[in-house]
Amino acid sequence: VEGDSGQAAVAWRALGGFGEEAFAKRKVETFATRFVIPPAGIPNMYSFEGETVAGVVQDRAFELQQRMPTAQLLSWDPKAPDVLTYRTGTGPTELAVVQRSIELPSEKGFGSNEFVRITTTSSSL
């Protein structure tokens, strides 16, 4: 999360972080996540070391429940996995991935970076 500390705190809470103390003291956050096979018709094949392999989709609903168990999931669909809407406090919050870069698997591992747009009317952030 980049920006000033106030913006970073709001983004961290919107993504499921909680507790100002944990954020301010730079504590490590841990949570479970999982990946699912995308629904039929969603392209997910890629080449790795000369072999064709199937990619997966990050289960954002599961991750939200792990990070923010009191949130009410309003919508998430593996067919459109980049948008998730949930409710906490006084209003809904939508997380939408607007840009992503991917590091394909290699002997060093794999990874990704995402820019997420946060839209909310909730005063709890």
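## What α3 packs against

In this predicted model, the buried residues of α3 pack against α1 (5-14), β4 (57-58), β5 (72-77), β6 (80-88), β7 (91-106) and β8 (109-120). Those buried residues are Arg60, Ala61, Phe62, Glu63, Leu64 and Arg67.

The N-terminal end of α3 has a cap: a side-chain oxygen of Asp59 sits 3.3 Å from the backbone nitrogen of Ala61. As for α1, its buried residues are Ala8, Ala9, Ala11, Trp12, Arg13 and Ala14. After α1 comes Gly16, with a positive phi near 115°.

## The overall layout

Stepping back, the protein has 3 helices and 8 strands. Along the sequence they run α-α-β-β-β-β-α-β-β-β-β. Of the 125 residues, 29% are buried.

Take the contacts with a separation of 6 or more: 38% of them are between residues 24 or more positions apart.

## Arg60 and its neighbours

Leaving out residues up to four places away in sequence, Arg60 touches Trp76, Pro81, Asp82, Leu84, Val97, Arg100 and Glu114. Pro81 is 21 residues from Arg60 along the chain, yet their C-alpha atoms are separated by 7.3 Å.

One of those contacts is a salt bridge: the side chains of Arg60 and Glu114 meet at 2.7 Å, N to O. Arg60 belongs to helix α3 and Glu114 to strand β8, so this pair ties together parts 54 residues apart in sequence. Glu114 itself is partly exposed, at 29% relative accessibility.

## More salt bridges

The count of salt bridges comes to 5. Another one joins the side chains of Asp82 and Arg100, at 2.5 Å from N to O. Asp82 lies in strand β6 and Arg100 in strand β7, so the link is between parts 18 residues apart in sequence. Both ends are partly exposed, with Asp82 at 26% and Arg100 at 36%.

Glu94 also pairs up, this time with Arg117, and their closest N and O atoms are 3.6 Å apart. Here the partners sit in strands β7 and β8, so parts 23 residues apart in sequence are tied together. Glu94 is partly exposed at 26%, and so is Arg117 at 42%. Through shared partners, salt bridges join Arg60, Asp82, Arg100 and Glu114 into one network.

## The β7-β8 hairpin

How many bridges pair β7 with β8? There are 11, and the pairing is antiparallel. The two strands make a hairpin, with 2 residues between them. Within the pairing, Gln99 stands opposite Phe115 of β8.

## Out on the surface

Phe35, Ile37 and Val56 make up a nonpolar surface patch, and together they have about 320 Å² of accessible area. Val56 belongs to the loop between β3 (51-54) and β4.

Over in the loop between β2 (45-48) and β3 you'll find Glu49. Its phi is positive, near 50°, although the residue isn't a glycine. Most residues other than glycine have a negative phi. Glu49 counts as exposed because its relative accessibility is 65%, and the cut-off is over 50%.

Methods
Residues numbered from 1 in each chain as written. Predicted model: local features only at pLDDT ≥ 70, side-chain atom pairs only at ≥ 80, totals over all residues. Heavy atoms only, no water. Buried < 20%, exposed > 50% of the residue type's maximum accessible area, 1.4 Å probe, protein only. Helix = DSSP H or I, 4+ residues; strand = E, 2+ residues; numbered from the N terminus. Contact = heavy atoms within 4.5 Å. Polar contact = N/O pair within 3.5 Å; in protein donor to acceptor, adjacent residues only side chain to side chain. Patch = residues over 30% accessible without salt bridge, like charges linked within 9 Å, V, L, I, M, F, W, Y side chains within 5 Å. Areas by Shrake-Rupley, 256 points an atom, 1.4 Å probe, with all protein chains shown as cover. Salt bridge = Lys/Arg side-chain N within 4 Å of Asp/Glu carboxyl O. Pairing = 2+ DSSP bridges.
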